[in-house]
Amino acid sequence: MEVYDKAELWDREAIAQCQTARLRATIGQASKSPLYKERFAAAGISPESIHSPDDVQKLPFTTKDDLRSQYPTGMLCVPNADIVRMHCSSGTTGTPTAICYTQNDLNSWADLMARCLFMVGVRREDVFQNMSGYGLFTGGLGIHYGAERLGCMTIPAGAGNSLRQIKLVKDFNTTVAHILPSYALILGEKLRAMGEDPAQFPLRIAVVGAEPYTEEFRQRIEELFHMKAYNSYGLSEMNGPGVAFECQQQNGLHLWEDAYLMEIIDPATGERLPDGEIGELVLTTLRREGMPIIRYRTRDLTRIIPGECSCGRMHRRIDRILGRSDDMLIVKGVNIYPMQIEQVLMMFKEVGQNYLIVLENDGLSDVLTVKVEIRDECFVEDMRVLQGLQKKIAGRLRDEILVTPHIDFVQANTLPKSEGKAVRVQDLRVKK
Ligand code: AMP
Ligand code: ZN
């Protein structure tokens with residue numbers, strides 16, 4: 001197997017050895033911040049307490065609130081002058097947190113990113129167009145430096161502006177794009193509206209991540225553009241993208257265990273869950289010097305896929321992110337994740353590229369409405385056909401989420417679009 005980095009070929013034993021050594025070093029480094037110094041002292045932890053990767057469980061968790069409490073630079077473990085870059089989390093929920101990087105941190109991050117891209121067949125001959133927002137969001141510079149490190153001609157196109165994106169792809173014959181899932185379909189529609197066939201576009205690979213999407217959504221993207229779409233997972237607190245990435249098998253995302261130590265826990269109890277069970281992903285940085293983070297509660301829900309990947313890499317895989325523990329909706333007392341709704345919607349070919357889940361309360365109980373963009377050609381259908389379709393979608397959704405939603409059809413391109421991560425839920429219920 002051709003790999004970017006020989007660490008990809010390590011067996012479990014080599015990974016465990018590396019994790020143990022790096023976890024020890026990380027504890028030593030993290031102790032330079034007042035927060036960890038105090039916490040390790042309280043728990044009686046030192047680098048010598050670690051004998052295997054499982055010993056990470058002796059360490060305390062770090063939450064988003066901990067990071068906020070140390071904003072802006074309280075978590076630094078190197079002199080300020082050694083910091084060469086900072087990023088912020090996009091504030092998917094709440095106030096942002098700042099992450100600071102040394103040059104070594106940036107180098108190892110770019111290498112991880114290059115490793116991901118190489119794994120799915122990106123090579124230096126490729127032209128890479130980064131359609132994600134630059135600035136504080138890590139999907140810009142993070143992916144950019146990875147593609148450059150691989151030697152690709154890298155176009156910092158930034159987010160939105162479909163006409164310019166299309167022109168750049170055509171003029172420079174872009175073969176690989178980094179794109180938000182929600183934006184991929186919007187771009188495809190734009191091309192169609194221009195009378196062009198997205199399948200004729202030169203793109204052969206897309207790196208798709210930063211927000212949750214379903215397998216059905218991926219298939220739509222792949223079919224639309226006749227290209228391969230690979231899932232890319234990361235978060236600013238762990239550098240950004242490059243934490244976990246799908247290989248060409250497209251069956252789970254390899255999480256780079258030489259750089260991050262992963263656990264899946266029950267979000268309610270904090271107990272570790274066995275492989276295969278869905279829970280909250282908890283991550284520890286193993287290679288960061290500027291701002292190491294121990295047992296970070298990501299709030300992202302996933303599971304470790306049991307067994308080995310047929311690609312031969314031994315770095316374990318996580319499943320696509322199901323959602324965040326804090327984006328679970330409670331509707332009429334039932335727990336619902338937006339991705340369950342997307343999964344059903346995407347099964348209907350009449351459904352277009354955008355949807356919005358609206359929650360209201362009519363004074364008696366919760367009302368769940370799903371606004372669905374449907375394809376222009378379906379709007380010419382007669383009323384009965386449309387009503388029949390509405391009923392079918394509502395029925396399928398009921399089977400999946402156990403609540404019967406109202407289905408509102410709206411015309412293509414009428415729901416609000418965001419340039420960053422898609423906003424899928426509008427909760428208008430009055431909080432008691
Ligand atoms: P940020 O730190 O602003 O880049 O946001 C990171 C968050 O984006 C993660 O914690 C996830 O909730 C979400 N995210 C990133 N990549 C993916 C992905 N491939 N699938 C689902 N959610 C993702
Ligand atoms: Zn694999």
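**From a ring to a metal site**

Phe-225 has a relative accessible area of 1%, so this residue is buried (buried means under 20% relative accessible area, exposed over 50%, partly exposed in between, with a 1.4 Å probe and protein chains only). Before going on, some ground rules: this is a predicted model, where local features need pLDDT of at least 70, side-chain atom pairs count only at pLDDT 80 or more, and totals for chains, interfaces and linings use all residues. Residues are numbered from 1 along each chain as its sequence is written, chains are lettered from A and ligands numbered from 1 in the order in which they are written, and side-chain values use heavy atoms, leaving out hydrogens and water.

Now for the aromatic pairs. The structure holds 4 of them, where rings of Phe, Tyr and Trp (its six-membered ring) pair if their centres lie within 6.5 Å, with planes under 30 degrees apart counted as stacked, over 60 as edge-to-face and the rest as tilted. One of them joins Tyr-101 and Trp-109: the centres are 5.1 Å apart and the planes at 10°, so this pair is stacked. Tyr-101 is buried at 0% relative accessibility, and Trp-109 is buried too, at 2%. Phe-225 pairs with Phe-201, and because the centres are 6.1 Å apart and the planes at 40°, this pair is tilted. Phe-201 sits in the loop between α7 (181–193) and β6 (205–209) and Phe-225 in helix α8 (residues 215–225), so the pair ties together parts 24 residues apart in sequence. Helices (H or I, at least four residues) and strands (E, at least two) are DSSP runs, numbered from the N terminus. Phe-201 is buried as well, at 7% relative accessibility.

Next, the metal. Which residues coordinate the zinc ion (ligand 2)? They are Cys-247 (SG), His-254 (NE2), Cys-309 (SG) and Cys-311 (SG), at 2.1 to 2.3 Å; donors are N, O and S atoms within 2.8 Å of the metal (3.2 Å for Na, K and Ca), and since water is not among the atoms, sites may look incomplete. The 4 donor atoms subtend angles of 100 to 119°, which makes the arrangement tetrahedral (four donors with all angles between 85 and 135 degrees). Along the chain, the donors follow the spacing C-x6-H-x54-C-x1-C. Both Cys-247 and His-254 are buried.

Finally, a look at covered and open spots. In helix α9 (residues 338–345), 7 of the 8 residues are buried, including Met-339 and Ile-341. Gly-363, in the loop between β18 (351–361) and β19 (366–374), counts as exposed because its relative accessibility is 64%.

Note on methods
Tetrahedral: all angles 85-135°; square planar, octahedral: opposite > 155°, others 65-115°.
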